[in-house]
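Let us walk through this structure one step at a time. Begin with the place where the chains meet.

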Number of protein chains: 2
Amino acid sequence: MRALDGAVDVLARGECRVALDPITAGKLARHLDRELKDDSATLVHVESGAGRHAHFEDDAYSAQPGVAVVAEDDIAAARAAADLVLCVRAPSEAQIAEFREGAVIVALMTPYQNPQLITTLATQGLTSLCMEFVPRISRAQSMDALSSQAAVAGYHAALLAANESSVFFPMLTTAAGTVRPARVIVVGAGVAGLQAIATAKRLGAQVWAYDIRAAAREQVESLGARMIDTGVDASGEGGYARELTDDERAQQAEALARHMSDAHVVISTAAIPGRPSPRIISREMVEGMQPGAVLVDLAAEGGGNCEMTRPGERVEHGGVTVLGPLDMASSLSVNASEMYAKNLFNLLTPFMKDGELVLDFEDAVLGPMRLTEGGRITHDDVRARAEDAS
Amino acid sequence: MRALDGAVDVLARGECRVALDPITAGKLARHLDRELKDDSATLVHVESGAGRHAHFEDDAYSAQPGVAVVAEDDIAAARAAADLVLCVRAPSEAQIAEFREGAVIVALMTPYQNPQLITTLATQGLTSLCMEFVPRISRAQSMDALSSQAAVAGYHAALLAANESSVFFPMLTTAAGTVRPARVIVVGAGVAGLQAIATAKRLGAQVWAYDIRAAAREQVESLGARMIDTGVDASGEGGYARELTDDERAQQAEALARHMSDAHVVISTAAIPGRPSPRIISREMVEGMQPGAVLVDLAAEGGGNCEMTRPGERVEHGGVTVLGPLDMASSLSVNASEMYAKNLFNLLTPFMKDGELVLDFEDAVLGPMRLTEGGRITHDDVRARAEDAS
């Protein structure tokens with residue numbers, strides 16, 4: 001029986017993370033080794049340069065027992081031999097063609113945006129697991145990459161906003177007078193929103209939070225922020241919000257606009273994986289903000305919560321700066337990679353027996369994550385989307 | 001007797017501040033008015049658009065009693081009539097020619113870098129006050145623009161560093177494991193350094209400070225940071241440090257390099273106004289830092305504390321990013337302008353009597369600030385520099 005190994009791909013525009021940091025790569029090798037009882041095996045193969053943008057040098061990987069760095073010339077062979085492939089983003093069409101039939105590929109697949117790619121994963125006979133589909137149940141918290149990466153993005157969004165703001169976040173008492181704390185509004189109090197709130201509070205800002213799920217109030221207040229009360233509650237399934245009626249939408253917009261008119265910073269974080277981001281902030285609401293205010297739209301990847309957002313760009317409108325940053329988790333590459341690697345480790349090691357990966361798709365976590373297996377797209381929604389696209 | 005008025009210039013590359021914010025412009029007008037007992041006079045003239053980059057619109061100025069906004073066509077006339085001209089940066093040669101003989105000009109003049117300009121101020125018969133030369137005595141604290149602007153720059157430097165860093169500043173406990181706090185070193189514990197320390201601490205980093213003045217220890221520790229002990233004490237006059245001997249320099253470099261080798265962020269702030277910044281951080285010390293580390297050199301304006309710094313640029317070297325930002329105070333334009341305006345107000349109002357400005361150069365604050373008066377350069381050091389340059 002051959003040992004498992006993980007190849008790690010560095011992909012596309014702005015991606016700085018890597019699927020395994022050296023420490024977790026070593027832990028994974030030791031875990032497999034304990035199962036295999038074979039000291040000499042090299043069990044985790046890391047492609048040369050894979051960790052470069054996360055400042056993990058090849059040397060740091062090869063210093064770990066059981067971990068080898070694959071030189072550029074040998075990458076094709078390593079890919080063809082791999083049983084398990086761990087990636088941050090989905091591999092490209094060309095890369096998919098390099099893997100052997102039956103190999104297991106795990107990544108943030110963005111399956112709804114990539115129907116063609118998912119079809120290719122299926123036709124190549126690969127078993128693919130989608131990290132976005134880790135279910136939101138307590139047992140899976142330590143495997144939930146959307147949460148870990150959202151925490152990074154939320155923290156970074158608050159820093160970006162503070163860095164772009166023309167006012168101090170903290171109150172400051174100086175010989176030249178007192179500076180009052182900045183007023184910050186965080187729209188959406190999910191994992192990213194809560195981390196943005198916590199970071200803005202750390203910096204000393206006055207923070208208001210807005211969320212259509214009334215249940216968010218307790219968490220918001222435990223961070224020292226205040227809830228904006230719009231009189232609308234739209235708690236939905238799985239911790240996400242349900243769709244709003246038109247009246248509710250108007251009521252929400254009016255309350256939010258009132259608060260936004262004297263805010264220095266708005267950070268919007270209301271994203272629903274695989275679906276376009278809800279439009280919460282209109283052009284009029286931006287025009288009602290004070291000159292010099294900054295809006296950071298963390299939902300830009302899904303089109304943005306704000307009508308004015310252009311993903312990846314900076315828009316100046318009436319003295320207000322609207323930023324639609326992409327890859328906010330990626331830019332905190334060291335910690336984002338470490339957390340993602342831990343998610344993978346926690347997800348997969350329970351299914352490693354005697355050095356082999358035996359996936360159980362009856363499992364409540366693994367089942368919903370499977371996209372393709374045995375030549376077909378096994379995930380109903382994704383298959384429907386792929387069939388629509390073709 | 002004519003009333004005073006202040007014209008405000010927006011100048012050059014990257015300058016976003018304005019010398020008077022609307023509130024302080026109004027306060028200045030009221031102060032003059034109380035002295036003059038003439039309700040109808042317009043006493044403070046603000047050039048149209050002067051506050052634009054600090055997000056102070058013309059309307060906000062003209063809403064203040066006694067403050068008028070000067071339309072573009074009338075600016076030349078307003079400049080020719082002004083008794084007192086308040087600026088952030090020194091006016092240009094062309095602007096200097098527009099002011100009337102005997103007018104008083106107050107600005108951050110950077111006199112040692114601008115000897116030709118100071119000569120022009122003298123030959124045009126202007127009385128000029130240099131905001132960098134406010135003496136460091138307790139009475140002048142509320143007038144000290146270098147301090148107020150350094151506080152802004154120090155805060156912003158810490159934010160920039162956090163924003164550029166590939167690791168979290170705070171400790172984070174998540175379902176995907178615990179992230180340890182970042183290690184930050186602040187070099188130079190003056191006003192900017194202390195504010196950088198305070199901001200990095202707010203964000204949850206572990207902070208070490210380095211200063212050759214042993215007296216800095218108490219302030220550093222009161223902010224929750226630790227001093228790096230190099231065994232060198234170089235407390236000098238006026239709160240600045242004295243020059244080091246070669247042995248002391250080597251001893252300092254060795255201790256600092258040891259600490260820098262495992263830091264995630266270094267923020268250097270050791271600037272001496274009007275002189276080149278001391279070279280504290282060598283290329284070797286940067287090469288000894290870990291990949292992914294960030295160095296923000298706030299002393300870039302004076303050439304930088306680090307040998308690798310290129311003012312205004314980003315240098316990547318061996319995985320370490322060296323930033324030499326300029327205009328860090330300027331980019332927090334709202335608060336930086338407000339604080340600068342308060343410095344001007346506190347400095348000048350004691351010398352306004354019956355609506356007239358009567359400067360007393362025997363005064364302990366005003367005396368050292370005077371650069372030119374009655375056709376000559378009155379400041380000894382600046383005159384020597386101007387004579388060398390011509």
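Between chain B and chain A, the count of salt bridges is zero. This is a predicted model. Polar contacts give another count: eleven residue pairs between chain B and chain A, with both residues at pLDDT 80 or more.

Which elements of chain B supply at least two residues each to the side that touches chain A? They are α6 (145–164), β7 (172–174), β8 (177–179), α7 (191–202) and α11. The largest share comes from α6(B), with nine residues. By class, this side of chain B has 20 nonpolar, 20 polar and three charged residues.

Now take the contact as a whole. Chain B brings 43 residues to it, and chain A brings 43 residues. The size of an interface is often given as the accessible area lost when the parts come together. Here chain B and chain A bury about 3,400 Å² between them. Carbon and sulfur atoms hold 61% of that area. Three residues stand out on chain B: Asn163(B), Phe168(B) and Arg202(B). They supply 19% of the area that chain B buries against chain A, more than any other three residues.

Next, look for empty space. Rolling a probe the size of a water molecule over the atoms shows where it is left. How many cavities of 30 Å³ or more does the structure hold? It holds one. The largest cavity has a volume of about 30 Å³. From chain A, its lining takes Ala176(A), Gly177(A), Thr178(A) and Val179(A). From chain B come Glu338(B), Met339(B) and Lys342(B). Two elements give two or more residues to this lining: β8 (177–179) of chain A and α11 (333–348) of chain B. The lining residues divide into three nonpolar, two polar and two charged.

Finally, return to salt bridges. Side chains of opposite charge can pair when their charged atoms come close. The whole structure has 38 salt bridges over all chains. One joins Arg89(A) to Asp327(A), where the closest N and O atoms are 2.6 Å apart. This pair links distant parts of the chain, 238 residues apart. Arg89(A) sits in strand β4 (residues 84–89) of chain A. Asp327(A) lies in the loop between β15 (320–323) and α11 (333–348) of chain A.

Notes
Residues numbered from 1 in each chain as written. Chains lettered and ligands numbered in written order. Predicted model: local features only at pLDDT ≥ 70, side-chain atom pairs only at ≥ 80, totals over all residues. Heavy atoms only, no water. 1 Å grid on protein atoms, 1.4 Å probe; cavity = no way out; pocket = protein on both sides within 12 Å on 5 of 7 lines; lining within 4 Å. Points joined across faces, edges and corners; volume = space filled by probe spheres on them. Helix = DSSP H or I, 4+ residues; strand = E, 2+ residues; numbered from the N terminus. Nonpolar A, V, L, I, M, F, W, Y, C, P; charged D, E, K, R; others polar. Contact = heavy atoms within 4.5 Å. Buried area = accessible area lost by both parts, 1.4 Å probe. Salt bridge = Lys/Arg side-chain N within 4 Å of Asp/Glu carboxyl O. Polar contact = N/O pair within 3.5 Å; in protein donor to acceptor, adjacent residues only side chain to side chain.
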